[in-house]
Amino acid sequence: MKTDKQKKYDVAYLRMAKEWSKLSHCNRRQVGALIVKDKMIISDGYNGTPTGFENHCEDDDNNTHWYVLHAEANAILKVASSTQSCEGATLYITMSPCKDCSKLIHQSGIRRVVYHNGYKDDSGLKFLEKAGVSIMHITELE
């Protein structure tokens, strides 16, 4: 019974992350993230440029600028500048994390990752599994 209820929450939070991704100014890919702890959203993020930079994620050749922050990094950094802690939290993200973000996820104390789409490189997921982070892939959001 509890797993059915958890799955409903997981789908609902992933849907919210998908809505959040629409705030991204990136053309190639829009990614959204929510961090939830004790049934409360403690942070959100989407991929984009750092504060104070133009909202152009790609250059003239449609390559992503190196300084663009990923959605999960933005959400984790928001928590870092607040009184909250990611310890024991769940990250809901529209795309599975890259290897660089997976280090941030583990180090921040997030214990569970729920994602919708797979990233081209699954080394981030493999790292998180090795680190003991619970991972759930949900493909249906309806």
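Thr94 lies in strand E3, where strands (E, at least two residues) and helices (H or I, at least four) are DSSP runs numbered from the N terminus. Thr94 is buried, with a relative accessible area of 7%; buried means under 20% relative accessible area, exposed over 50%, and partly exposed in between (1.4 Å probe, protein chains only). This is a predicted model, in which local features need pLDDT of at least 70 and side-chain atom pairs count only at pLDDT 80 or more, while totals for chains, interfaces and linings use all residues. Residues are numbered from 1 along each chain as its sequence is written, and side-chain values use heavy atoms, with hydrogens and water left out.

What surrounds Thr94, leaving aside its neighbours within four places in sequence? Thr94 is in contact (heavy atoms within 4.5 Å) with Ala17, Lys18, Ser21, Gln30, Val31, Gly32, His116 and Asn117. A polar atom of the Thr94 side chain lies 3.0 Å from the backbone nitrogen of Gly32.

Now to the strands beside it. Five of the six residues of strand E4 (residues 112–117) are buried, so E4 is largely enclosed by the rest of the structure.

| Strands | Bridges | Direction | Residues opposite each other |
|---|---|---|---|
| E3 (residues 90–95) and E4 | five | parallel | Ile93 and Tyr115 |
| E4 and E5 (residues 134–137) | four | parallel | Val113 and Ile135 |

Next comes the interior. A nonpolar core is a set of buried Ala, Val, Leu, Ile, Met, Phe, Trp, Tyr and Cys residues joined through side-chain atoms within 4.5 Å. The largest one has 20 residues, and those with the most contacts inside it are Ala33, Ile35, Leu91, Ile93, Ile105, Ile110 and Val113. E1, H2, E3, E4 and H4 each supply at least two residues of this core, and H2 gives the largest share, four residues. Leaving aside neighbours within four places in sequence, Ile110 touches Ile35, Ile76, Cys86, Ala89, Thr90, Leu91, Ile105 and Val133. A second, separate core of 10 residues includes Tyr13, Leu14, Ala17 and Val36.

Finally, the cysteines. Which residues does a disulfide join? Cys26 is joined to Cys57, with an S to S distance of 2.2 Å; a disulfide here is a pair of cysteine sulfur atoms within 2.5 Å, and by this rule the count comes to one. The torsion about its S-S bond is about -70 degrees, so the disulfide of Cys26 and Cys57 is left-handed. Cys26 sits in the loop between helix H1 (2–21) and strand E1 (32–37), and Cys57 in the loop between strand E2 (40–46) and helix H2 (71–80), so the pair ties together parts that are 31 residues apart in sequence. Both Cys26 and Cys57 are buried.

Why is Cys86 too far from Cys101 for a bond? The sulfur of Cys86 is 13 Å from the closest cysteine sulfur, in Cys101, which is too far. Cys86 counts as buried at 4% relative accessibility. Cys101 is in no disulfide, and its nearest cysteine sulfur, that of Cys98, is 3.8 Å away. Cys101 is buried as well, with a relative accessible area of 5%.

Methods. Pairing = 2+ DSSP bridges. Polar contact = N/O pair within 3.5 Å; in protein donor to acceptor, adjacent residues only side chain to side chain.
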